[in-house]
Amino acid sequence: MDEKGFRRILNRNVGLPLGLGLVGALFFALLIGYLLNVVRWVEHTDQVLNRASEVYRLTLDLETGMRGFLLSGDEDYLAPYEQARGKFRPLTEQLIGMVGDNPPQAQRLERLLALQEQWDLFAQEVIDSRRDGGNYLAEVGRGRGKNLTDGMRRELDTFINSERELRQQRNSEAGTTTFWGAGIYLVVSILFSALLALFGRRELMNLSQTYSQAMARQADFAEEQRRRVWLGDGQSQLSERLLGQPQVQELADRSLEFLAEYLDCVVAALYLRDGHSTSRSSRALAKGSP
């Protein structure tokens, strides 16, 4: 395996998991940011609902204070009426500002303000008539005040129900997004890890096999070199033993003695033929032999 192939394996088995980790961290950062944004909008919806409930309570205070005064003629019953009357418009306008991103809801509150202005004129008329001793019951009996009050409550009920549905929708979308997002990420991560492990294992097995073959070749080469060195050393030592001008018999004895020692032989023999076809032999024993 060349260096380029090894670097490719190393980069894939290190770079890809690192890249997946960075993508996963970015994904979860975006998911957390999305959930925090949903939580913020849910809290905003809760605040809107609280303000709307307070406006609803003010409509009840307005009607209750007016009825109490009309029935009893006691000015003390107008205290909650006057207090609710002073808070209604500022609180409703504040609520309009909070739902400025939702035009239908803002339009409902604007219609509520218009109805409240008409009801306020009606209430002032009957209150003044009650104070002056006029026939306020006839004005009440026409049902104009009731129609205005019912219209205000319908607008408020629709507004509150819409906000509750919006909160439920946001919670549902957040849950669905989180579930599918986390599920898809886990599936992709598992598949990617499995594929990476499969290909990585195959390439590592190939790399291990290549390394084993290289080590085997290295061992063979080392053994061959050892043999060559051993043979060269033997040749050099044998040449040193045969220096000079020894006779044939002495030459044979030296040779056999060295070969017996160097080759670790027990016994060695050499047969020579002279010019008259007669044979002579030379015999040598290794050290430590019997």
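I started this notebook at D61, which I found to be partly exposed, with a relative accessible area of 24%. The model I am browsing is a predicted one, and I keep that in mind throughout.

**Entry: D61 and its partner**

I looked for what the D61 side chain meets, and found R57 in a salt bridge with it, at 3.0 Å from N to O. I then checked where the two sit: D61 and R57 are four residues apart in helix α1, so about one helical turn separates them. R57 is partly exposed as well, because its relative accessibility of 40% falls between the 20% and 50% cut-offs.

**Entry: the fold in outline**

Next I stepped back to the whole chain. How many helices and strands does the secondary structure come to? I noted six helices and two strands. Reading from the N terminus, I wrote the order down as α-α-α-α-α-α-β-β. I also looked up burial: of the 290 residues in the chain, 26% are buried. For contacts with a separation of 6 or more, I found that 68% are between residues 24 or more positions apart.

**Entry: other salt bridges**

A search of the whole structure gave me 16 salt bridges.

I went to helix α2, residues 78-98, where R89 and E93 lie four residues apart, about one turn of the helix. They form a salt bridge, with the closest N and O atoms 3.1 Å apart. R89 is partly exposed at a relative accessible area of 30%, and E93 is partly exposed at 42%. While on this topic I noted a network too: salt bridges that share partners join E63, R67 and R153.

That sent me back to helix α1, which holds both R67 and E63, again four residues apart and about one turn of the helix. Their closest N and O atoms are 2.6 Å apart in a salt bridge. E63 has a relative accessibility of 10%, so it counts as buried, the cut-off being under 20%.

**Entry: the largest pocket**

The largest pocket has a volume of about 240 Å³. It is lined by 14 residues, and the closest to its centre are M66, R67, L70, F122 and V140. Which helix gives the largest share of the lining? I found that α1 does, with five residues. At least two lining residues each come from α1 (3-72), α3 (103-132), α4 (136-141) and α5 (144-241). I sorted the lining by class and wrote down eight nonpolar, three polar and three charged residues.

**Entry: D120**

I moved on to helix α3, where D120 lies. Is D120 buried or exposed? D120 has a relative accessibility of 13%, so it counts as buried. I then looked up what it touches, not counting residues up to four places away in sequence, and found Y81 and R85.

**Entry: E163**

My next stop was E163, found in helix α5. E163 is buried yet has no salt bridge. I looked for the nearest side chain of opposite charge and found R170, 5.6 Å away. A salt bridge needs a side-chain nitrogen within 4 Å of a carboxyl oxygen, so I could see why R170 does not count as a partner. What else is in contact with E163, leaving aside its neighbours within four places in sequence? I listed T45, V48, L49, V99, N102 and Q105.

**Entry: A174**

I ended with A174, another residue placed in helix α5. Its relative accessibility is 8%, which means that A174 counts as buried. Setting aside neighbours within four places in sequence, I found A174 in contact with Y34, L35 and V38. I also checked A174 against V39: they are 135 residues apart in sequence, while their C-alpha atoms are 9.0 Å apart in space.

Definitions and conventions
Residues numbered from 1 in each chain as written. Predicted model: local features only at pLDDT ≥ 70, side-chain atom pairs only at ≥ 80, totals over all residues. Heavy atoms only, no water. 1 Å grid on protein atoms, 1.4 Å probe; cavity = no way out; pocket = protein on both sides within 12 Å on 5 of 7 lines; lining within 4 Å. Points joined across faces, edges and corners; volume = space filled by probe spheres on them. Nonpolar A, V, L, I, M, F, W, Y, C, P; charged D, E, K, R; others polar. Buried < 20%, exposed > 50% of the residue type's maximum accessible area, 1.4 Å probe, protein only. Lys, Arg positive; Asp, Glu negative; His and termini not counted. Contact = heavy atoms within 4.5 Å.
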